[in-house]
Amino acid sequence: MKQVLQIQAQLVTYAPPFLDPNFAAVKLIGICAVHCKLRQAALIFSQLADPNVFAWNAILKAHSYNHNWSYTLHYFNCQLSSPTAPAPDEYTFTSVLKACAGLMAVLDGCKVHAVVVKTSFNFNIFVQNSLIDMYFKFGNSDIAQLLFDEMLVRDVVSWNTLVSGYSLCGNVELARWVFDKMPVKNLVSWSAMMAAYARSGDLEAARQLFDVMPERNVVSWNAMIAGYAQNEKYSNAINLFNEMQKTGNVRPNDVTLISVLSACAHLGAFDLGKWIDRFISRSGMELSLFLGNALVDMYAKCGFIVEARRIFDKMQERDVISWSIIISGLAMHGHAEEAFEYFFEMLDCGVMPNEVTFMGLLSACTHSGLVDKGLKYFNMMDHIYGITPKIEHYGCVVDLLSRSGRLVEAEDLINSMPIEANVIVWGALLGGCRIYGDIERGERVVQRILELDSEHSGSYVYLANVYASVGRLDDAAKCRLNMRENKVMKTPGCSWIEVHNAVHEFFMGDRSHPQSDIIYATISDLMLRMKLAGYKPKTDLIVHSIDEEEKENALSTHSEKLAMAFGLISTSKGTTIRVVKNLRVCNDCHEATKFISRIVEREIIVRDRSRFHHFKDGKCSCNDYW
DNA sequence: ATAGGGTTAG
């Protein structure tokens with residue numbers, strides 16, 4: 001790029017007469033495109049007195065290559081309306097059709113198709129393939145198939161387009177049928193078929209294809225890694241990334257790193273996440289919008305909100321996703337005021353919020369108990385920005401109202417919802433009934449929940465707890481029996497911790513870890529010291545056993561305590577402990593962790609399914625409100 | 001001199 005600028009400067013001051021300016025511009029624009037420097041490309045193009053068809057195609061390609069679909073169509077419009085511009089050719093149409101597909105601009109696409117037919121470019125195989133691809137992306141597989149059938153000559157790209165097209169339309173079987181039928185396969189054919197399986201959720205079939213592929217490039221690896229990451233197989237994604245590094249002949253690119261960062265974010269695998277950050281700086285890789293977003297999200301979800309902000313501030317370009325990520329990140333850490341500040345800054349930058357942005361704002365309110373502010377944002381969504389609240393938003397607001405004891409309003413809101421409430425929304429209200437001991441309402445809510453999901457474990461546990469707390473032990477027992485008979489399973493509590501680049505996973509009562517004995521010994525020791533410091537196990541949370549000692553035991557083997565104990569014995573004194581949990585952190589563990597942070601003089605950061613808890617010196621950042 | 005198909009974030 002540096003040399004592009006030098007050449008450009010040279011051409012402005014002195015253009016040699018033997019050099020065709022269009023020729024030079026095509027070359028320079030091509031380099032700008034590869035480096036995502038579209039403004040520079042546009043400048044070079046605008047300085048041409050008389051752009052020829054090569055120059056027009058170059059500027060169209062530069063924008064479509066960078067997924068800047070609307071600018072592609074903008075330039076195409078300019079070309080059509082300018083009296084001096086050359087007529088479009090087959091090269092023009094491939095870029096333009098791609099842009100229509102990317103924009104899902106069905107009407108424009110059909111119009112371009114009409115022009116293609118009128119100008120007889122519909123016999124060019126490149127244009128034909130682009131048309132087929134476009135109709136698949138519009139979801140119109142019938143027309144796509146028709147165009148394919150009418151082709152006189154087909155090449156491997158035509159077949160590949162069919163495979164990926166059917167995959168896009170959700171028809172893996174047909175994609176496989178085409179894949180088996182195609183006369184010649186290349187690397188892209190294999191990758192497309194593999195991606196089709198991954199997209200359909202059949203990771204075994206995808207992996208099998210990946211393993212037998214005759215050759216692989218970075219895109220094949222990316223497709224498999226992304227397949228794992230998008231199907232929540234985060235450890236598999238990371239393992240495959242490590243394998244890719246080991247083979248040594250394929251260099252990860254930004255797409256690879258984005259998928260791996262997403263896996264790191266979900267797992268809280270910050271060692272690898274930080275390594276990727278350094279890798280990016282070290283290799284001089286451009287911090288693209290996607291990559292920046294993935295990095296910010298990784299840091300925020302791994303508990304490094306300061307680092308997340310550092311990357312966010314460093315980004316050249318930010319879109320609504322970037323802002324939503326930083327807002328939800330701040331919300332997760334309980335920094336509600338900063339989340340609001342970023343929201344207003346976002347508006348100042350002219351970026352329109354969407355439904356995800358509002359999820360971030362609402363959860364910021366939930367985590368800080370800002371009920372009225374939450375209601376204000378909730379109303380703002382529809383009234384000011386025309387965004388119809390989705391079930392998640394209702395869930396958030398019901399949670400907000402319920403937690404603060406405004407149960408009547410919460411129930412009214414559910415009953416006034418234009419969409420059917422789900423188990424999560426009712427569950428939020430049930431949580432409020434539990435906290436505020438509203439037994440009558442709770443019973444009603446449980447009934448509604450069990451109508452929707454007869455195996456809702458939370459309801460059974462809730463009922464058993466309520467009965468036990470008011471001394472109706474027979475009813476409590478009946479409820480537990482009921483639960484067992486209906487085979488209601490609670491999601492098993494699971495926590496994990498990253499130590500020395502490896503993620504260690506613990507389930508409740510887990511004894512499968514090689515260092516299990518010493519982990520349990522550590523917990524017993526801690527329990528003793530905690531009790532001396534005034535800790536009282538919250539055994540009233542346990543419903544299924546009677547013996548007090550047994551209850552304490554059950555509490556002490558909660559997965560987060562196991563992960564924490566493992567962290568304490570495997571890291572040096574003073575190191576921050578970071579644990580991730582799949583469920584909400586339980587009341588007892590929350591209390592215990594406060595004590596532990598003081599006893600061992602460590603900062604302990606727990607990410608549960610909805611937020612972060614920073615424990616330090618016997619206190620938690622959530623101020624016991626979560 | 002310029003082109004089509006497989007991979008990416010909340």
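Trainee: Why does V188 count as partly exposed?

Mentor: This is a predicted model, and the classification rests on C-beta neighbours. A residue is buried with 20 or more other C-beta atoms within 10 Å and exposed with 12 or fewer. V188 has 18 such neighbours inside 10 Å, so V188 counts as partly exposed. V188 is placed in helix α12, residues 187-199.

Trainee: What makes W159 buried?

Mentor: W159 has 23 other C-beta atoms within 10 Å and is therefore buried, since the criterion asks for 20 or more. W159 belongs to helix α10, which covers residues 156-168.

Trainee: With which residues is W159 in contact, leaving aside its neighbours within four places in sequence?

Mentor: They are R154, V178, M182 and S189. To be in contact, two residues need C-beta atoms within 7 Å. As for L97, 62 residues away along the chain, its C-alpha atom is separated from that of W159 by 18 Å.

Trainee: Why is H67 called exposed?

Mentor: H67 has 11 other C-beta atoms within 10 Å, so it is exposed; the limit for that class is 12 or fewer. H67 sits in the loop from α4 (53-65) to α5 (69-81). Its phi is near 60°, a positive value in a residue other than glycine.

Trainee: What makes D617 exposed?

Mentor: D617 has 10 other C-beta atoms within 10 Å and is therefore exposed. D617 is found in the loop between β5 (612-616) and β6, and although it is not a glycine, its phi is positive, at about 55°.

Trainee: Let us turn to the sheet. In what order do its six strands lie?

Mentor: The order is β2-β1-β3-β4-β5-β6, in an open sheet.

Trainee: What makes β2 and β6 the edge strands?

Mentor: Each of them, β2 (502-507) and β6 (619-620), pairs on one side only.

Trainee: How do you know that β3 and β4 pair, and in which sense?

Mentor: Pairing requires at least two bridges. Strand β3 (residues 577-581) and strand β4 (residues 604-607) have four bridges, in the parallel sense. I577 has I604 of β4 as its bridge partner, and V580 stands opposite R607 in β4.

Trainee: How many bridges join β1 to β3?

Mentor: There are three, and these two strands run antiparallel. One of the partners can be named: I497 is bridged to V579 in β3. The pairing of the sheet is mixed. In general, strands of a sheet pair through backbone hydrogen bonds, either parallel or antiparallel.

Trainee: What makes β3 mostly covered?

Mentor: Five of its five residues are buried. I577, V579 and K581 point one way from the strand, R578 and V580 point the other way, and all are buried.

Trainee: Which helix lies across β1, β2, β3 and β4?

Mentor: Helix α32, residues 559-570, lies across these strands and runs at about 15° to β1 (494-499).

Trainee: Into which domains is chain A divided?

Mentor: Domain 1 spans 400-485 and domain 2 spans 494-620. Their centres, taken over C-alpha atoms, are separated by 28 Å.

Trainee: Finally, what describes chain A as a whole?

Mentor: Chain A has 33 helices and six strands. Its C-alpha atoms fill a box of roughly 95 × 50 × 50 Å along the principal axes. Of its 626 residues, 44% count as buried. Among the contacts with a separation of 6 or more, 61% come from residues 24 or more positions apart.

How values were computed. Residues are numbered from 1 along each chain as its sequence is written. Chains are lettered from A and ligands numbered from 1 in the order in which they are written. This is a predicted model: local features need pLDDT of at least 70, side-chain atom pairs count only at pLDDT 80 or more; totals for chains, interfaces and linings use all residues. Axes are lines fitted to C-alpha atoms, for helices over the stretch in contact, and angles run from 0 to 180 degrees between N-to-C directions. Domain bounds come from an automatic or database domain assignment.
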